[in-house]
Amino acid sequence: MSRRSVQYATSPLLASKTPVWRSQFVVACIALGFIGLVARAAYVQVIDNAFFKRQGAVRFIRTLDLPANRGRILDRNGHILASSVPVPSVWASPEDVDRDPVKLKALAKLLGMTQAELDKKLQDEDKNFVWVKRQVDESVGKDIDALKIKGVYTRKEYKRIYPEGEAVAHVVGFTNVENLGQEGVELTFNKELGGKAGTRRVIKDRLGRVVEDIGEMVPPIDGRDLELSIDSKVQYFAYEKIKEAVINNKAAAGSVVVLDIKTGEILALTNYPSYAPDKRGNLTGAQLRNRALTDTFEPGSTMKPLVIGLALEKGIVKPETMIQTAPGKLQMGSAVISDSHAHGLISVNEVIQKSSNIGTVKIALQMQPHDMWEVFTQVGLGQKPQVPFPGAVSGKVRAYKTWKPIEQATMSYGYGLSTSLFQLAQAYSVFARDGELVPVSLLKTHDNISGARVFSVANATAVRHMLHLVTGPGGTAPKAQTMGYSVGGKTGTAHKVEGRGYAGKKYRGFFVGIAPIDNPRIVVAVMVDEPTNGMYFGGDVAAPVFSQTVQQTLRMMGVQPDMAVKPQVVAKAEKEEF
């Protein structure tokens, strides 16, 4: 069979003659298209490429923070109160997570989560980064790495630890998970402790893995260590003793402040109840409050030595001046001021020793309100303490121009004004420092400091002798006596203020004192809030804590005993006044 040949040339379409301009037009269009593409490429890549560079950088270039190591907080002897340690944190890329139910169940168990909680963390599969759990134990991190779950990773972060726990919690405070200070010294000195983070620019792939470094790395600057004035041993002992007093007296709370009056350093500042700074799961406001600095109260009879000191300074009385307090009551208008019982004719020394309200009032009313107001403000009452600490309150001392005679009278024995325990401790430094108010410091200092003079040396010494009588026979605080050391101080008991008036049977008992009495080294202030176990006078609930704290503190400081080891035995304490 012969093959038939096809004669294409005979096709009428192919045989028709096409105009030349049509082929030229097609070629020109194709050429213009290529020219347009080249022009666009040149524009995008050479002329105006900033926008596209930005878009590329947004998608792939990351600036990583290189965290600085937070500085340590140390006590005066170099013992660590707070430090940072590296720990693993768990993160995931939800879109890449291997959804093997067996592995995810094991992961949830290691993290202490329910399966539902873990699933919720990983549910958004459009994300390429999510924290699963931060700052887990080292062993947990290793076990998670061993599971080798695709899309689940660990990275190192810094976690804050607090070796001294509850005893120093209100001083040191704590940080959050981002290592930023939230309370206490951690908050006050956050900038110094935190340092400055470094940076590192990198290119990451879609899985979040670093592919390449870009430019130079800026190294972090670690935070500096902070050396506090606190002595952790004194702090711990004071905490244990106030805790014991609160529990034994069925009280609501308690506080202790210890000052070194040579340097103005705060050796202890502690409260109970407290909390563990690194275990804050169920914190209450009562646990968080640094009561020694944030709670104010009417200081009661602890104001009497300041009033007597002022009267000595004005030349109104002398220590041996006799004051008639009979018959134990003093009528002022519609108000009656009374003593616990009639003391009769007593000296100024005995006014303090026996805590006579009437004796104090009779002396106070011989002075101008301005004079009393001035001495109160000179010792720091009504003013915010000059100590860098969050929440420190100023208390309240009303302007003297508004005082009525009855108000001047009640203020002389501590009613009608308010103060914190910390302010009270600093105020008593005027007697310990021979008339000078010592400036206080929460940071360690190395030199003795000078203070602002309030009383003369002679008058401050005279009042200190009166404070010593308070702790001896016939005084209101024999329980403040300390084995081996002479002490002096003043008791205080005050009704608690609630709303616009006084709470029925709610009291605060406190004691502020000095030791040793002839060559003072420390001031110790103790407050017990709402004791309900039968005793509430400061001489009963606060003075024993003072005694124990003084003895331990002076021994730790290497201060030699200045009296017989055994304190005087007193059959019965003088009942203190309100």
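Contact here means heavy atoms within 4.5 Å. This is a predicted model, where local features need pLDDT of at least 70 and side-chain atom pairs count only at pLDDT 80 or more, while totals for chains, interfaces and linings use all residues. Residues are numbered from 1 along each chain as its sequence is written, and side-chain values use heavy atoms, with hydrogens and water left out.

Thr-360, Val-361 and Ala-364 of H15 meet Gln-408, Ala-409 and Ser-412 of H17. By class, that contact of H15 with H17 has three nonpolar, three polar and no charged residues (Ala, Val, Leu, Ile, Met, Phe, Trp, Tyr, Cys and Pro count as nonpolar, Asp, Glu, Lys and Arg as charged, the others, Gly among them, as polar).

Two polar links are worth a look (N or O atoms within 3.5 Å; within protein, one able to donate a hydrogen and the other to accept it, and sequence-adjacent residues count only if both atoms are side-chain atoms).

| From | To | Distance |
|---|---|---|
| Ser-356 side-chain oxygen | Ile-358 backbone nitrogen | 3.5 Å |
| Ser-274 side chain | Glu-166 backbone oxygen | 2.8 Å |

Ser-356 caps the N-terminal end of H15. As for Ser-274, it is buried at a relative accessible area of 4%. Leaving out residues up to four places away in sequence, Ser-274 touches Glu-166, Ala-169, His-170, Tyr-239 and Gln-287.

Definitions and conventions. Helices (H or I, at least four residues) and strands (E, at least two) are DSSP runs, numbered from the N terminus. Buried means under 20% relative accessible area, exposed over 50%, partly exposed in between (1.4 Å probe, protein chains only).
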